[in-house]
Amino acid sequence: MNRSPHTSRTDLEHQQLSKLRALVRQLSASNAFYRDRLKTAGLDDACTLAEFCERLPLTTKAEIVADQTAHPPYGTNLTFDLSRYSRFHQTSGTTGTPLRWLDTAEDWSAMLGCWEQVFRAAKVTRDDRVCFTFSFGPFLGFWTAFEAATRLGCLCLPGGGLSTIARLRLLRDNQATVLCCTPTYALRLAEVAQQESFDIADLAVRLIIVAGEPGGSVPATRQLIEQRWSTAADGDGVRVFDHHGMTEVGPVTYECPNRPGTLRIIESSYLAEVIDPKTLDPAEPGERGELVLTTLDRVGSPLLRYRTGDLVQPIYLNDADEPVGGGSGSGGLALEGGILGRADDMVLVRGVNIYPAAVDQVIRSIEGVHEYRVEIDASTALTRMAVILEAEDGVAARVDSALQQAFSMRVPVRTVEANTLPRFEMKARRWVHTHERAT
């Protein structure tokens with residue numbers, strides 16, 4: 001788990017400080033990217049957590065991209081000689097230039113330890129058969145999850161390179177009990193099963209661990225996945241279990257077992273802050289802000305006070321996943337509602353802030369939608385938004401009404417023929433910017 005039962009907040013912060021000081025000591029000696037930053041901030045291996053957060057400037061993705069561009073291919077954020085690194089991954093590049101990331105064997109093992117915590121929280125045991133339906137390409141994806149599951153002793157089924165129907169057969173023939181995929185692909189598997197007359201009741205899946213998108217903590221999306229998979233297991237049906245991470249930082253959170261839709265930070269491996277994205281001041285518990293992370297165990301390619309771009313709402317929970325008072329002085333840090341959106345995904349449409357997760361919640365709450373796309377036209381002074389649906393007859397009108405009620409404005413909605421819109425295995429790209437404003 002995130003921390004041992006009955007471990008105090010003081011003990012946790014003592015552990016974080018010990019790791020942070022060792023990290024600062026190592027980076028000050030051998031990491032070209034962070035050496036001067038730490039020196040300029042007046043930070044050494046005697047710093048406190050508060051001094052570190054107050055003095056060290058934030059690290060941005062743009063700075064990492066610029067560093068890798070100036071010093072290709074991996075940049076200067078390398079603590080050791082290249083001979084120490086054994087793993088390569090890169091970001092998906094959905095929001096710009098992909099980042100390349102290297103890991104040492106020690107750092108990789110630490111990340112597997114984080115995923116083992118995710119699995120334990122989800123009650124995955126060595127008796128489970130876990131199927132991973134992702135491409136196994138350079139994107140970090142479920143690579144760490146796959147290897148962590150093997151360390152737990154699970155039978156692991158790689159589904160890369162297979163068609164969707166072949167993956168369904170893989171699940172059935174091996175009686176997989178756990179499925180790891182994106183929320184979008186969980187829905188796609190159910191859709192193909194229906195199209196191909198594949199009886200999903202023949203599957204033994206009891207748990208779907210999702211990542212890569214906010215959908216696992218979006219109530220309507222979560223409910224839709226569980227409904228479409230409800231005949232795939234006996235007893236209580238299939239449960240969706242959310243998790244989130246990033247290629248740059250690794251596996252960061254797991255869903256609170258007793259509080260679906262809320263994600264616990266793995267604070268033994270990450271020093272987490274939530275800041276106001278405009279003022280950069282700390283956000284209070286209950287206030288929405290941007291998640292900032294420092295990797296305490298990923299020493300070879302670290303990130304210090306990294307602006308993730310993820311918008312979250314912090315809350316502190318006890319070991320029973322119940323809210324506690326006292327702010328950071330007690331309990332474990334969690335994110336209520338999971339990842340609420342990304343700062344760079346927000347679109348201002350006729351004076352209204354629109355986040356993809358909010359639109360997904362509205363559309364997924366309406367039965368009969370098979371797939372959708374959002375088109376953004378920013379070519380004029382007032383940005384316009386339209387929704388395109390693959391849906392059953394009469395559904396478009398209900399979506400139109402629901403969007404108007406949710407956002408207090410009219411959003412054009414139209415339908416297209418079945419199988420017109422693209423399907424996705426990894427991160428869905430449903431938001432399309434059709435025209436950008438001329439500069």
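Leaving aside its neighbours within four places in sequence, which residues is V124 in contact with?

1. In this predicted model, V124 is in contact with F119, V130, C154, V178, R206, L207 and I209, once neighbours within four places in sequence are set aside. Two of these partners, F119 and I209, return in the next point, where they are listed together with V124.

2. The largest nonpolar core has 72 residues, and those that touch the most other members are F119, V124, F132 and I209. Helix α5 gives the most to this core, contributing eight residues. As general background, nonpolar side chains in soluble globular proteins tend to be buried together.

3. Helix α5, which covers residues 105-121, packs against helix α6, residues 143-152, at an angle of about 75° and with the two axes 8 Å apart. The two helices are therefore roughly perpendicular to each other. On the side of α5 the contact is made by W108, S109, M111, L112, G113, W115, E116, F119 and R120, while α6 brings W143, T144, A145, E147, A148, A149, R151 and L152.

4. The structure holds nine aromatic pairs. In one of them, the rings of F136 and W143 have their centres 5.1 Å apart and their planes at 85°, so this pair is edge-to-face. The two partners fall on either side of the 20% limit for burial: F136 is buried, with a relative accessible area of 19%, whereas W143 is partly exposed, with a value of 21%. Both residues belong to one aromatic cluster, which is formed by W115, F119, F132, F134, F136, F142, W143 and F146.

5. Another member of that cluster, F142, has its place in the loop between β3 and α6, and F142 is buried, with a relative accessible area of 4%. Not counting residues up to four places away in sequence, F142 touches W115, F132, F134, C180, C181, T182, I209 and A211. The C-alpha atoms of F142 and P251 are separated by 9.6 Å, although these residues are 109 residues apart along the chain.

6. Some points of the backbone deserve a look, given that most residues other than glycine have a negative phi, and most peptide bonds are trans. F136, which lies in the loop between β3 (129-132) and α6, has a phi near 60°, a positive value in a residue other than glycine. L280 is likewise not a glycine, yet its phi is positive at about 70°. L280 lies in the loop between β10 (270-275) and β11 (289-295), and L280 is partly exposed, with a relative accessible area of 38%. The peptide bond from P72 to P73 is cis, with omega near 0°, and P73 is found in the loop between α4 (61-70) and β1 (85-90).

7. Helix α10, residues 356-364, is mostly covered, since seven of its nine residues are buried. These buried residues are P356, A357, V359, D360, V362, I363 and R364, a list that includes the charged residues D360 and R364.

Definitions and conventions. Residues are numbered from 1 along each chain as its sequence is written. This is a predicted model: local features need pLDDT of at least 70, side-chain atom pairs count only at pLDDT 80 or more; totals for chains, interfaces and linings use all residues. Side-chain values use heavy atoms; hydrogens and water are left out. Axes are lines fitted to C-alpha atoms, for helices over the stretch in contact, and angles run from 0 to 180 degrees between N-to-C directions. Helices (H or I, at least four residues) and strands (E, at least two) are DSSP runs, numbered from the N terminus. Angles under 35 degrees count as roughly parallel, over 145 as roughly antiparallel, 65 to 115 as roughly perpendicular and the rest as oblique. Contact means heavy atoms within 4.5 Å. A nonpolar core is a set of buried Ala, Val, Leu, Ile, Met, Phe, Trp, Tyr and Cys residues joined through side-chain atoms within 4.5 Å. Buried means under 20% relative accessible area, exposed over 50%, partly exposed in between (1.4 Å probe, protein chains only). Rings of Phe, Tyr and Trp (its six-membered ring) pair if their centres lie within 6.5 Å; planes under 30 degrees apart count as stacked, over 60 as edge-to-face and the rest as tilted.
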